[in-house]
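This briefing walks through one protein model, topic by topic. Please keep the sequence and the 3D view open while reading.

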Amino acid sequence: HLLNAIQSGQTKLQNVEKLRLDILSNSSAAILTEHLAHKLEVKINPQTSDLMIQQLGGNPTLINSIFVSAKENKLELDSFQNVQQVYVDSVLGKRICNYYQTIFDEIAPNQEVRNRIIDLLANVETKTPMEIWRKRLNLAEKEFRRVVNLLNFYEIVRLNSGMIEFSRENESLGDYVRSTYRLEIVGENRA
């Protein structure tokens, strides 16, 4: 609520600044996984901790979501199989999916536009001319700029010299885009 109020300007707060936190370093993310494992009483080991850190790119929100999901499903995170089971379930419709859906809902409240964005992200080359995005999204100029700027703000894409580049190094985002494309746009079964 607070972030939306700040972004829309409909707030009574004065001189509010957003503080963007960097992704955690591997050592800081390892401390976080140890803390979450202890706090939520979920078993981990150094190898599965490293797997989560690498797969989730050190994102504290996503790391926390894996631990909470494991706790809810009464699973330990002390095997690669369990980590992947929790991760896949989370990407395909639980916490990680909800995390990214919230972002995409803000970027494009219209489902049709969201689907076109997901289609572009799933199918375009790494770097694509902005004009291709403009044509495929079929939005008015002002709305197109808003959408592209929010995609850049949320680090889904990078804007560079008239090109739009999908941030492929974010594995969980890539998995979300591919699974959403297959399930919601192509209509494949989850299996």
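In this predicted model, ring pairs tie Y99, Y100, F104 and Y176 together into a cluster. Across the whole structure, a search turns up four aromatic pairs.

**The chain as a whole**

- The protein chain contains 10 helices and three strands.
- Along the sequence, these elements come in the pattern α-α-α-α-α-α-α-β-α-α-β-β-α.
- The protein chain has 191 residues, and 36% of them count as buried.
- Of the contacts between residues at least 6 apart in sequence, 61% join residues that are at least 24 apart.

**Helix α6 against helix α9**

- Helix α6 covers residues 95-107 and helix α9 covers residues 141-153; they pack at an angle of about 150°, and their axes are 9 Å apart.
- Because angles over 145 degrees count as roughly antiparallel, α6 is roughly antiparallel to α9.
- On the α6 side, the contact is made by F104, E106 and I107.
- On the α9 side, the contact is made by R146, V147, L150 and L151.
- By class, the residues of this contact of α6 with α9 are five nonpolar, no polar and two charged.
- F104 of α6 takes part in this contact, and F104 also belongs to the aromatic cluster.

**Helix α4 against helix α6**

- Helix α4, residues 60-72, packs against α6 at an angle of about 140°, with the two axes 9 Å apart.
- What does this angle make α4 relative to α6? The arrangement is oblique, because roughly antiparallel requires an angle over 145 degrees and roughly perpendicular covers 65 to 115.
- From α4, the residues in the contact are T61, L62, S65, I66, V68, S69 and E72.
- From α6, the residues they meet are R95, I96, Y99 and Y100.
- The contact of α4 with α6 has six nonpolar, three polar and two charged residues.
- Y99 and Y100 meet residues of α4, and Y99 and Y100 are also members of the ring cluster.

**T33, a residue inside a helix**

- T33 sits in helix α2, which spans residues 26-40.
- Is T33 buried or exposed? T33 counts as buried, because its relative accessible area is 0% and the cut-off for buried is under 20%.
- Apart from its neighbours within four places in sequence, T33 is in contact with I44, S49, I53, I63 and F67.
- T33 and F67 are 34 residues apart in sequence, while their C-alpha atoms are 8.3 Å apart in space.

- Most residues other than glycine have a negative phi.
- E155 is not a glycine, yet its phi is positive, near 60°.
- E155 lies in the loop between α9 and β2, where β2 is residues 157-160.
- S161 is not a glycine either, and its phi is positive at about 50°.
- Where is S161 placed? S161 is in the loop between β2 and β3, where β3 is residues 163-166.
- S161 counts as exposed because its relative accessibility is 72%, and exposed means over 50%.

Conventions: Residues numbered from 1 in each chain as written. Predicted model: local features only at pLDDT ≥ 70, side-chain atom pairs only at ≥ 80, totals over all residues. Heavy atoms only, no water. Phe/Tyr/Trp six-rings, centres within 6.5 Å; stacked < 30°, edge-to-face > 60°. Helix = DSSP H or I, 4+ residues; strand = E, 2+ residues; numbered from the N terminus. Buried < 20%, exposed > 50% of the residue type's maximum accessible area, 1.4 Å probe, protein only. Contact = heavy atoms within 4.5 Å. Axes fitted to C-alpha atoms, helices over the stretch in contact; angles between N-to-C directions. Parallel < 35°, antiparallel > 145°, perpendicular 65-115°, else oblique. Nonpolar A, V, L, I, M, F, W, Y, C, P; charged D, E, K, R; others polar.
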